[in-house]
Amino acid sequence: PFGSDCCWSLQVGPTGRHLSVAMPGLKDWAPRHHAEDMEGHMKQMYSVGTFGSRMLYFNPVVSIGSAVLIWGFVIYACVSPEDAQVEIQAWQSWVTDIWNWLYMISQNIWILVLLYLLFKYYNLKLGKEDDKPEFSDGTYFAMLFSAGLATGLWYYTAEGMWHYEGYNTPRWMDTNMFNMNTRAEHALMATFFHWGLHGWIPYCCMGALMALLHYRRGFPLSIRWTLYPLIGEMCYGIVGDLVEILSILCTVFGVCTSLGLGAMQINKGLVRLDRGTYRGVDDNPAGNVGIEYSKEAQIGVIIGVTLLATLSVVAGLKRGIATLAQIAFALSLFILGSMVLLDNTWYILNAVTSALGYYLWYLPKISFHTDAWEELGSSTDGMGGAPDDRGGLKGWMNAWTIFYWGWWISWGPFVGTFLARISKGRRLGTFILATLILPSLWSFAFLGGFGAAQIRMENEAISATQHCAAQAGYAKSACYITGYCADCSFTYGSTADKTKFGWMQTDADTGETAWVPVPDTVTRLYNLATEDVLFEHLQAYGGKEWSGFMSTVTLTCIILYFVTSSDSASFVVDMLAANGQPEPPLPQKIFWAFTEGAAAAVLMLVAGDESPQAALKAVQALPIVLGLPYTFHLFYCCQSLMIICKEESGAIPIERKNFS
């Protein structure tokens, strides 16, 4: 379509390797119908190496530009970690202060687009009409779920309990306004909001669009083409390169955040197994092999996971990533099922059902909620904050919802590309159901189950302190309700004073009142470090042998999710850097896998003892900052998705004016 002068090539070296530079004929920005195959598109972009080579093929602008920016920031964060944290968090504050409204309203627009397409173009094939799905439904779901959630789901199993207790200040609830049962329901609803439909929207939108472009149109599996229905041939040049660079930055720094969080939890799990920790007590405080909870150990975890992820990427999609995803999902199903059956099963089913209904009823409000008045601060700040000071404190949105939205959006390019890669032969309607509705329901079941069980355990622990508080003269006071009255609180029932903590219970048959001490199984989970909550929760259902078994299974599952997300991200980044080649050369797979792991490891290595997580916190703020420009890109993706669905259904012509 460009003519003979669309591009030129330069011989490099005696081997005849080519440096192919795209020079598209930019007569206009209009989309055109392309008859050439994927290799034809590749020849019109900047590249080093030969398409299809097993040793070398990459886009020099995208690869070098991304590597320089990634390592430039890593070096900056290493040399001045505190300054980097302050600077990036200042950017984050600017984003959340100015653009909260955009983050919130954009997700609602996107989900309306997806729901419209779900019904309007349900049977549109992601591929040719005779294409068959590459993976079974079970394997497909395991892969998309493993890539989309990674270790974050495990790290935040306590989110429902945190919201119930008021972690980081409750957002919509006033303790004088709601009773604790309503607070519990609200806590699970907020958790569902953060991990439900709105989180999966970026993945679904980008994945559907890229799958249609790749499998129906023959475009390379690269994010630059998401703009093709809008700007046409400009995608071949620098505009497309900039989109790819931004996508790689989002992916690498988003994965770095997960690597840091996952490494801390895995490190804690290894320490607990090494020391035989059970209900807060170490059987062997020195440990069998002496594993410590330290940045050095966490760096070791990252190195180990990176090696496993590299092996998985080298093994390929079907033998490596798919197999690990199946095992990880099966283990997570076992852990959730065991927890539900060993806890108060009917209560958990009731709680999750109730919270789901509350979520659906509350969704129109919470999805537009921006904390406008809370962000003004307290009444004494003089900025117009509420005089009664009864709402949530300033900063909740920054710490929770906007952080999540930035994190989900920054993972959009990586997970969307991966979903497109594994979705050949499926229908658009089933794709939207599988990547938007089903994973949300699984997240509700998983986080709702754990949240409901932990809230019940918290109530049990709090009520066990109330007899002591009443005897000390604190009856019906604030500390009586929270369980933190002086000398009347505990963390582990197994080490608590049985004469102080428990309940005066009346026998229904005899009417006699007797003292019932708090059981050893009761734990005040809110008092524990984030990395301990999951392990302490699961060990409450059995003895030491059960605790060791479940800790091992859980740790294995977390590691597998850790590896599957890392190898999926490496696989996608390599495709983006190789102009969308579905099977990039092996050396490049290894390079990008090690880049992700090395970046996270270096950030932890240079952290000082006074602020050991300063560099990592700077990286954690980046998804929110990078998510802002990507929010605008996702708006364009939604428009492109609408256009290509109309084109493929014959409603509008392919060759037309841009943005029409």
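A residue is called buried under 20% relative accessible area, exposed over 50%, and partly exposed in between (1.4 Å probe, protein chains only). The model is predicted: local features need pLDDT of at least 70, side-chain atom pairs count only at pLDDT 80 or more, and totals for chains, interfaces and linings use all residues. Residues are numbered from 1 along each chain as its sequence is written, and side-chain values use heavy atoms, with hydrogens and water left out.

**Exercise 1.** Classify valine 314 by its accessibility.

*Solution.* Step one: locate valine 314, which lies in helix 11 (helices are DSSP runs of H or I, at least four residues, numbered from the N terminus). Step two: apply the cut-offs; valine 314 has 36% relative accessibility and therefore counts as partly exposed.

**Exercise 2.** Determine how many cavities of 30 Å³ or more the whole structure holds, and describe the lining of the largest cavity.

*Solution.* Step one: apply the definition; on a 1 Å grid over the protein atoms alone, a cavity is a set of points where a 1.4 Å probe fits but cannot get out, and lining residues have an atom within 4 Å of a point. Step two: the search finds 2 such cavities, and the largest cavity holds about 110 Å³ of space. Step three: list its lining, which includes Gly148, Leu149, Trp195, Tyr404 and Trp411. Step four: assign elements; helix 4 (137–149) and helix 15 (401–421) each give two or more residues to this lining, and helix 15 supplies the largest share, 4 residues.

Definitions and conventions: 1 Å grid on protein atoms, 1.4 Å probe; cavity = no way out; pocket = protein on both sides within 12 Å on 5 of 7 lines; lining within 4 Å. Points joined across faces, edges and corners; volume = space filled by probe spheres on them.
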